Amino acid sequence: MFSKACKYAINAMIYVATLPEGVQRAGLKEIAQAINSPEAFTAKILQQLVRDELLNSAKGPHGGFEIQGDPNTITIAQIVGSIDGNLIFTGCALGLEKCSEDHPCPVHHKFKAVRDHLTGMMLTTNLKDIATRVNDGISFLKY
């Protein structure tokens, strides 16, 4: 459903959001290792998140990546949109260019319900809630 880059982006954002108070930045190597992602690939993903103003980056010995803004207001939908675009929220399940209520694909009506539910979940799930679940040991980023 999500591209590999998008999965890594979500995991990277969660990881950075789980950093303890006072530890505001994480380096590229640390993030890549924490989410089991190749460093070069992770660097490209993180730069896209910086361009879309979801992360800040700083160079130097105390540099790294940090959440830009309030994690309570950053949704999973924003992260997905940054990396994969918004097609998941509007696209056809079968990949048809023209699929709508007036001209539906064979699975349009069933998929629309699933897509609408997924969209709602991503729009209402914020980064802080997910990071708290990880920090509390309820959810995990690694097996």
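**Close-up views of a predicted model**

**View 1. Asn126 sits in the loop between helix 6 and helix 7.** Helices (H or I, at least four residues) and strands (E, at least two) are DSSP runs, numbered from the N terminus. This is a predicted model, in which local features need pLDDT of at least 70 and side-chain atom pairs count only at pLDDT 80 or more, while totals for chains, interfaces and linings use all residues. Residues are numbered from 1 along each chain as its sequence is written, and side-chain values use heavy atoms, with hydrogens and water left out. Asn126 counts as buried at 12% relative accessibility (buried is under 20% relative accessible area, exposed over 50%, partly exposed in between; 1.4 Å probe, protein chains only). The side chain of Asn126 reaches the backbone nitrogen of Asp129 at 2.8 Å. Leaving aside residues up to four places away in sequence, Asn126 touches Pro71, Asn72, Ile74 and Thr75 (contact means heavy atoms within 4.5 Å).

**View 2. Thr125 lies in the loop between helix 6 and helix 7.** Thr125 is buried, with a relative accessible area of 18%. A polar atom of the Thr125 side chain lies 2.6 Å from the backbone oxygen of Met121. Residues up to four places away in sequence not counted, Thr125 touches Ile74, Thr75, Ile76 and Ile130.

**View 3. Tyr8 and Phe41 form an aromatic pair.** A search of the whole structure finds 1 aromatic pair (rings of Phe, Tyr and Trp, the last by its six-membered ring, pair if their centres lie within 6.5 Å; planes under 30 degrees apart count as stacked, over 60 as edge-to-face and the rest as tilted). The Tyr8 and Phe41 pair is edge-to-face, at 5.7 Å centre to centre and 80 degrees between the planes. Tyr8 lies in helix 1 and Phe41 in helix 3, so the pair ties together parts that are 33 residues apart in sequence. Tyr8 is buried at 14% relative accessible area, whereas Phe41 counts as partly exposed at 30%.

**View 4. The largest nonpolar core has 36 residues.** Such a core is a set of buried Ala, Val, Leu, Ile, Met, Phe, Trp, Tyr and Cys residues joined through side-chain atoms within 4.5 Å. The residues with the most contacts inside it are Met13, Ile31, Leu49 and Ile79. Elements giving two or more residues to this core include helix 3 (39-51), strand 2 (64-67) and helix 6 (108-124). Helix 1 gives the most, with 11 residues. Leu49 touches Ala9, Met13, Leu54, Leu55, Ile79, Ser82 and Ile83, not counting residues up to four places away in sequence.

Terms used:
Polar contact = N/O pair within 3.5 Å; in protein donor to acceptor, adjacent residues only side chain to side chain.
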